[in-house]
Amino acid sequence: PPEGDRVDISARAQEVQKLREAVARLPEVRRDRVERVARELGQGTYRVSPEEVAEKILGRSLVDRLV
């Protein structure tokens, strides 16, 4: 008997799809962090780690390529 239509999705494509779905479920604003940063800014105690900034930039770049 003839086979019907078939789609094969690579493991990599499945992984990318799962990541996209996980990102889509994340809230746009993390209120707990916003409140903490606002409080620290007001107190003059907010500090930024250059390493953390670099990690976030690289991570965002990766996400942008997946989307």
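Predicted model: local features only at pLDDT ≥ 70, side-chain atom pairs only at ≥ 80, totals over all residues.
1. Helices here are DSSP runs of H or I with at least four residues, numbered from the N terminus.

2. Is Glu40 buried or exposed? Its relative accessible area is 18%, and buried means under 20%, so Glu40 counts as buried. Leaving aside residues up to four places away in sequence, Glu40 touches Thr45 and Tyr46.

3. Thr45, one of those contacts of Glu40, is found in the loop between α2 and α3. Thr45 has a relative accessibility of 42% and therefore counts as partly exposed. For a sense of distance, compare Thr45 with Ile57: they are 12 residues apart along the chain, and their C-alpha atoms are separated by 23 Å.

4. Now for the charged pairs. Side chains of opposite charge can pair when their charged atoms come close. How many salt bridges does a search of the whole structure find? The search finds two, and each is worth a look.

5. One of them brings us back to Glu40, which forms a salt bridge with Arg36, with 3.3 Å between the closest N and O atoms. Both residues lie in helix α2, four residues apart, or about one turn of the helix. An α-helix has 3.6 residues a turn, so residues three or four places apart point the same way. Glu40 is buried at 18%, whereas Arg36 is partly exposed, with a relative accessible area of 30%.

6. The side chains of Asp64 and Arg60 also meet in a salt bridge, at 2.8 Å from N to O. Asp64 and Arg60 are four residues apart in helix α3, so about one helical turn separates them. Asp64 is partly exposed at 44% relative accessible area, and Arg60 is partly exposed too, at 49%.

7. Next come the pockets. Rolling a probe the size of a water molecule over the atoms shows where empty space is left. The largest pocket has a volume of about 410 Å³. Its lining includes Val23, Leu26, Pro27, Arg30 and Arg33, along with Lys56, Gly59, Arg60 and Val63. Which element gives the most to this lining? It is helix α3 (residues 50–66), with four residues. By class, the lining has five nonpolar, one polar and five charged residues.

8. The second largest pocket has a volume of about 230 Å³. Among the residues lining it are Arg33, Arg36, Val37 and Glu40, as well as Tyr46, Ser49, Glu52 and Lys56. The elements giving two or more residues to this lining are α2 (31–43) and α3, and α2 gives the most, with four. By class, this lining has four nonpolar, one polar and six charged residues.

9. A last look ties these points together. Both partners of the salt bridge between Glu40 and Arg36 are in the lining of the second largest pocket. Arg60, the salt-bridge partner of Asp64, is in the lining of the largest pocket.

Terms used
Residues numbered from 1 in each chain as written. Heavy atoms only, no water. 1 Å grid on protein atoms, 1.4 Å probe; cavity = no way out; pocket = protein on both sides within 12 Å on 5 of 7 lines; lining within 4 Å. Points joined across faces, edges and corners; volume = space filled by probe spheres on them. Nonpolar A, V, L, I, M, F, W, Y, C, P; charged D, E, K, R; others polar. Buried < 20%, exposed > 50% of the residue type's maximum accessible area, 1.4 Å probe, protein only. Contact = heavy atoms within 4.5 Å. Salt bridge = Lys/Arg side-chain N within 4 Å of Asp/Glu carboxyl O.
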